[in-house]
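Hi,

Here is the structure I promised to pass on. Have a look at it first, and then read my notes below.

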Amino acid sequence: MKSSSQDPDLARRKRNRNVVIGGIIFLIPLVSSVFFTFGFSSGLFQATGIILLICCFLVGSYLLPEHRFIRSQMKMAEDSNQEDGSQGAVSGDHSKSDALPAKVRKPISRARLKSLHQLLFVLMGLALSGYTLFIFSGSITSSNENAMMLFLGTYILAVLGLSFTLGNRVYQKDWWHLPIQARLPHSILLIIFSVAAHALNHTEIQVFVPYAGWMWAYLGAFHISWLFFPFYEKLPEFGRVVLAFVYGAGVLMSLYMTIFLLPLMAISIPLMLGLGLSALSFTPLFWLLHMAAGYHRIQGERDPKRAYWLGLTIPAVVISIFLWKWGGIQQDLEQGKDRYAALAQPAYPEWVYLSQAYPKTDLAEAVMMSEATRQRSFYEEGFDGMTRQYEEFVRHNPLPIIGRLLNGPFAVDRETRVKVLESKFDARHMTHRRLWTGRDLETTHVDSEIELFPDYRLAYVQQTIQVANQPLIGQEHHWSGRTQEAVYTFYLPDGAVATSLSLWVEGVERKSRLTTRGKADSAYTEIVGVERRDPALMHWQEGNRVTVTIFPVERNDSRQFKVGFTMPFHVHGDRMTLHSLAFDGPDFSDTEATISVRLGEGQQVQDFDLPAGFKEQAGRWTYEGPWQPNLTVEMDKTPLGTGTFSFLDETYSLQEIEYQPRTAEIEEVWLDIHAGWTYEEMRKIMEQIPWEAIWVYTDSAVKVTEENHDALFAQLHKQAFSLLPFDQIHDPAHALVISKSQPGTPLLMDLDGSQFAHRSIQTFTSDSFVPIMWWDLSDTPSDYVKSLRELRLIDWYGGAPEALSAQLSSNTFPTAPESTTTMNLPFAQLQLVRTPGTQPNTAPDHLARLFVYQDLMREIGRQYFDRAALEENWVRKAELGFVLSPISSLIVLETDQDYDRFGIEENEETLGNAQVNPPTSLGGGSVLSSHNEDGAVPEPHEWALILLVLMAGGYFWRMKARNPQQIA
């Protein structure tokens, strides 16, 4: 048995050990916090320094009372020994404690120390939990800081926290039986290690891509629960049940992440010699052990125990349902493949049949997109390139990863998956060709200028957009993100056309040139894919879409480009509406916008409505604030202007559209039935049409009878959409197609090279072909139908079955004939007119641009599937109006030598890039011209300069004639 005289020495050694440990734990974070707080300008690293400083203060606050307590115990032991020695001879029966002075006996109580420690650990845990969520979000951007410094700060906390915990002997086998004071450091240590692991993940040592939104919320929830679990006994019944549920749910997530990292753990073991960094790969295993061990604490209570198992069961059930649905979706794909294989001469590509069979549900969309947007696990072999191309959309989502591992890959190739995504789920922006990643890009500012011409029912909308490369935390120096490519998709209202593109190169605006789509695409891919220099490219896409690609956007830098669109108003009764441009592109959730709206020269408007936030100033309406993607401008319909615009000996004007009744001699009616139809709609239509005239297409033309119509409807109703091959129509001049548009259908360009395209060419180019009468039961046509209408391949009508019945009863349909000199814009209730000759320019040049575009689409229509071979024949017309079209594109290259190298000549005799007009006045009228034309009439200040030069020349000549020697 140890003598009592050894107690003071033991206490002294313990005190000295704590002083050394406390000094190390206190000073190192203190130095680190000062380094982070004052060594970086970023708020992120300053926040890291503040967190370190808080933890340093809390640890110091922990050690100070602990040191005082040990000193008091040592003093009490020394005084007790002295008292025993001095009073032992007098009386051996007196209590030792009675002889101790009151001051020394209890300078600080253990209960007070315990409560203080609990408070300090709670504060530390809350600070670290908030920081964990900050790191989990994965959406914080920074500029020039070194991400490794961020990791080192958190790693210092982890190492020191482990030393502190082990040094105080709170890491024991049965930690859940320890008092609160001992359990708290263990929970906080787990949080610190989790923070360090995720901070390392933000460096170039990246294991997980950014989590799906629900996942980081899930992880954050059970991280916070670790902080409350040490107080389990003090929580109310409801709190213990909730905590047990979260622990149970956390077990399954921890198990998943542990299994996901198992291959990495095997590699990490021999690498632990290097600073032990690889030990962080075991973090999910620590989670699992911690949360599984928590069950021992609650197994004696009925409700918390049930909640624990419920939390474990619900995620397992969700995963099971997901896997079951995944298997069903794969079966639907197999049915589409079987249908395609059974056809001797299929009309469509295989992906069309797969899309028709593939369900249109949120889960089906998530499953199909997961092939492009999920993180690949360590257990998968091979690489198909999809994840690399869509890197900016990739997220770590456990559900598709588990589904892929357990159910296997889809039995379709990469191209087929892309086509299904494009046609079925309107994912064309995501699947657009990307030569470089764009994962770190952000749209920072949009400057919109809108010039209204109410008298001509059109407007010119110009947008100057800034896009910046702002990498995520830890990606500032990642090799794959230094140079990125920005892709934008603009969605235009009906009738709108792109007429301008500019790119700023080294601070100077360079305007685009118009050339064939093939030349522009070839130049862009060569420069971006090989030479890596500055181009901008604008392509026309079906469905009223325009794509713009900008390259390069360097890390921590930004680019600026400008686009312009000529847009007709949409007329509804006595009101006119201009819808703003919506677009997809780099993140614009925090985009700031400046919008300026003004009337063109000489224009007047009544009852002008703008959204809230606009201010009128100096004849303009301006807005500054967050980007508004759904801006709408409304006004009263004004009388149509009589102004004209002349160019190259042709004059363009407007007139009200006039419809004439067209007697319909309908001999065959085709019902384009799919899942969007109802049985009642079919029956109402059939009541108006003789049975012998009704046809449907089910891989072949089938006449509908009273006996088979129910079976045919059931068969066709299983298809998500339908595409009627035009060659199946026996007499297009006397046929009526009845369809019902819905989103999620292929486009004409998707069918290039198919049997559908080949047969359609033969039908469209035949001498007997006329536009087919097409009745749409939906008021809004699909992108496929819009293309057919814009290409003048169909005469489109829309309305409910009752409206169709009225037209069939009267046997007439309204029509407004077009010709080479008149083009219709029915949604604007006007007709564009072209006449020979020249008149004063009293209207905007956008009249010519709209006419050229509509006339070009009419010419392309019947030869649409041969457009690539014929684009050289049509590009001159597109160049005249400087309009984007299926055969023409706009491109900006860095130098004039680049244009020459790719054979892209400077456009001549063209309206050129459109631009917003400065207000001008000539004589008594208004001249509204936005073109930038070579050889245009000089402006007033230019006339003045010319006159001044002539006067100076005349004066010089006269002086020389008077005194030639002096002049000489």
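**What I found**

Let me start with Glu906, which sits in the loop between α27 (896-901) and α28 (940-962). Keep in mind throughout that this is a predicted model. Glu906 is exposed, its relative accessible area being 53%. Together with Asp900, Glu905 and Glu908, Glu906 forms a negative surface patch.

The largest share, three residues, comes from α9. Leu406 has a relative accessible area of 60%, so it counts as exposed.

For a contrast, go to helix α25, residues 846-861. Buried or exposed: what are most of its residues? This helix is mostly covered, with 14 of its 16 residues buried. From first C-alpha to last, α25 reaches 22 Å, which is close to the 22 Å expected at 1.5 Å a residue.

**Salt bridges**

The count of salt bridges comes to 37. I picked out a few for you.

Arg339 pairs with Asp699, and their closest N and O atoms are 2.9 Å apart. This pair links distant parts of the chain, 360 residues apart: Arg339 is in helix α12 (residues 302-342), while Asp699 is in the loop between β21 (694-697) and β22 (701-703). Arg339 is partly exposed at 22% relative accessible area, and Asp699 is partly exposed at 28%.

The salt bridge between Lys419 and Glu422 is a local one to look at, with the closest N and O atoms 3.9 Å apart. Both residues lie in helix α17 (residues 414-425), three residues apart, or about one turn of the helix. Are they buried or exposed, and at what relative accessibility? Lys419 counts as buried at 19%, and Glu422 counts as buried at 12%.

Next come two strands. Asp636 forms a salt bridge with Arg575, the closest N and O atoms being 2.8 Å apart. Asp636 lies in strand β16 (residues 632-636) and Arg575 in strand β11 (residues 575-579), so this pair ties together parts that are 61 residues apart in sequence. Asp636 counts as partly exposed, at 22% relative accessibility. The pair also belongs to a network of salt bridges that links Arg575, Asp607, Asp609, Glu634 and Asp636.

**Backbone details**

Most residues other than glycine have a negative phi, and most peptide bonds are trans. You will find Asp607 in the loop between β13 (592-599) and β14 (615-617). At 46% relative accessibility, Asp607 counts as partly exposed.

Where does Asn544, another residue with a positive phi, lie? Asn544 is in the loop between β7 (536-541) and β8. Its phi is near 55°, and Asn544 is not a glycine either. Asn544 is buried, with a relative accessible area of 12%.

Stay with β8 for the next item. Strand β8 (residues 545-554) contains Pro552. The peptide bond joining Phe551 and Pro552 is cis, with an omega of about -10°.

**One more pair**

Finally, go back to helix α12, where you will find Arg302. How many residues separate Arg302 and Val241 in sequence? They are 61 residues apart along the chain, and their C-alpha atoms are 9.6 Å apart in space. Arg302 counts as exposed, at 57% relative accessibility.

Cheers

Terms used:
Residues numbered from 1 in each chain as written. Predicted model: local features only at pLDDT ≥ 70, side-chain atom pairs only at ≥ 80, totals over all residues. Heavy atoms only, no water. Patch = residues over 30% accessible without salt bridge, like charges linked within 9 Å, V, L, I, M, F, W, Y side chains within 5 Å. Areas by Shrake-Rupley, 256 points an atom, 1.4 Å probe, with all protein chains shown as cover. Salt bridge = Lys/Arg side-chain N within 4 Å of Asp/Glu carboxyl O. Lys, Arg positive; Asp, Glu negative; His and termini not counted. Charge placed at Lys NZ, Arg CZ, Asp CG, Glu CD. Helix = DSSP H or I, 4+ residues; strand = E, 2+ residues; numbered from the N terminus. Buried < 20%, exposed > 50% of the residue type's maximum accessible area, 1.4 Å probe, protein only. Expected span 1.5 Å × (residues − 1).
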